[in-house]
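Hi,

Here is the structure I promised to pass on. Please open it first, then read my notes below.

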Amino acid sequence: MQRFLHLKISVLLAVASLFAAGCATQNTIAARKQARPAAYDALTPEMRAAVDAGQVKVGMSMDGVMIAWGKPSQVLSGGNSAGESVTWIYQGSYIQDTRSWGRFRMYDSYTPITYVRAQVVFVNGVAKDWQQFPAPSGY
């Protein structure tokens, strides 16, 4: 039992260190503003206030969204009779803990799960539509 607990703690620490390493890249609004000062300065005062709060607004430029929310997980191109569009997809993630009984004891498995947490649709480089989605219930 002691060995099982030690293994479980080791797995949790390994997963936590992977997440911490990903966060150590300074992917913050302040860092993104510093990386794109001309783009930030080109925003209207209303859009700058939204970016500073980590919010996206209809009419915001791609640079404004990049500063507010960071790099998207996926970029999709599309279009219809109204014109061409670009959709940025942002993913979230969590660790799902699954327990099952073995022959003599309970086993835990940890599976990383990703989901779409937000999307922004651009037409001619300007945000026309955006949505944020909740994490799956219970996580």
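**What covers helix α5**

The cover over the buried residues of α5 includes α2 (29–35), α3, α4, β2, β3 and β4. Bear in mind throughout that this is a predicted model.

The helix itself is mostly covered, with six of its eight residues buried. Those six are G64, V65, M66, I67, A68 and W69. Helix α5 spans residues 62–69 and lies across β2, β3 and β4. Its direction runs at about 20° to β2. Just after α5 comes G70, with a positive phi of about 90°.

A68 is worth a look on its own. This residue lies in helix α5. A68 counts as buried because its relative accessible area is 5%, and the cut-off is under 20%. What does A68 touch, beyond residues up to four places away in sequence? The contacts are I29, R32, V51, G54 and Q55. For A68 and G54, the C-alpha atoms are separated by 4.6 Å, although the two are 14 residues apart along the chain.

**The sheet**

Four strands make an open sheet, ordered β1-β2-β3-β4, with antiparallel pairing. Which strands sit at the edges? They are β1 (74–80) and β4 (126–132), each of which pairs on one side only. On average, neighbouring strands are turned by 30° against each other, direction ignored.

V120 has W130 as its bridge partner in β4.

Q119 is another residue of strand β3. Is Q119 buried or exposed? It is buried, because its relative accessibility is 19% and the limit is under 20%. Leaving out residues up to four places away in sequence, Q119 touches T87, W88, I89, D129, W130, Q131 and F133.

**The nonpolar core**

In soluble globular proteins, nonpolar side chains tend to be buried together. Here the largest nonpolar core holds 19 residues. Which of them touch the most other members? They are V51, M60, V65, W69, Y90 and V120.

The elements that give two or more residues to this core are α3 (37–42), α4 (45–52), α5, β2 and β3. Helix α5 gives the largest share, five residues.

Not counting residues up to four places away in sequence, V120 touches V56, V65, W69, V86, T87, W88, Y90, A127, D129 and W130.

**Aromatic rings**

A pair of aromatic rings is described by the distance of the centres and the angle of the planes. The structure holds four such pairs. Two of them are set out here.

- W69 and Y90 are edge-to-face, 5.4 Å centre to centre, with 85° between the planes. W69 is in helix α5 and Y90 in strand β2, 21 residues apart, and the pair links these distant parts of the chain. W69 counts as buried because its relative accessibility is 11%. Y90 counts as buried too, at 1%.
- Y94 and Y115 are tilted, 6.1 Å centre to centre, with 45° between the planes. Y94 lies in strand β2 and Y115 in strand β3, so this pair ties together parts that are 21 residues apart in sequence. Y94 is buried at 15% relative accessible area. Y115 counts as buried at 19%.

W69 and Y90 also belong to one aromatic cluster with W130.

One further ring contact involves a charge. The charged end of R48 sits over the ring of Y40, 5.9 Å from its centre.

**Where to start**

Then go to V120, which touches both W69 and Y90. Finish at W130, the bridge partner of V120 in β4.

Best wishes

How values were computed:
Residues are numbered from 1 along each chain as its sequence is written. This is a predicted model: local features need pLDDT of at least 70, side-chain atom pairs count only at pLDDT 80 or more; totals for chains, interfaces and linings use all residues. Side-chain values use heavy atoms; hydrogens and water are left out. Two strands pair if DSSP finds at least two bridges between them. Axes are lines fitted to C-alpha atoms, for helices over the stretch in contact, and angles run from 0 to 180 degrees between N-to-C directions. Contact means heavy atoms within 4.5 Å. A nonpolar core is a set of buried Ala, Val, Leu, Ile, Met, Phe, Trp, Tyr and Cys residues joined through side-chain atoms within 4.5 Å. Buried means under 20% relative accessible area, exposed over 50%, partly exposed in between (1.4 Å probe, protein chains only). Rings of Phe, Tyr and Trp (its six-membered ring) pair if their centres lie within 6.5 Å; planes under 30 degrees apart count as stacked, over 60 as edge-to-face and the rest as tilted. A charge sits over a ring if NZ of Lys or CZ of Arg is within 6 Å of the ring centre and within 35 degrees of the ring normal.
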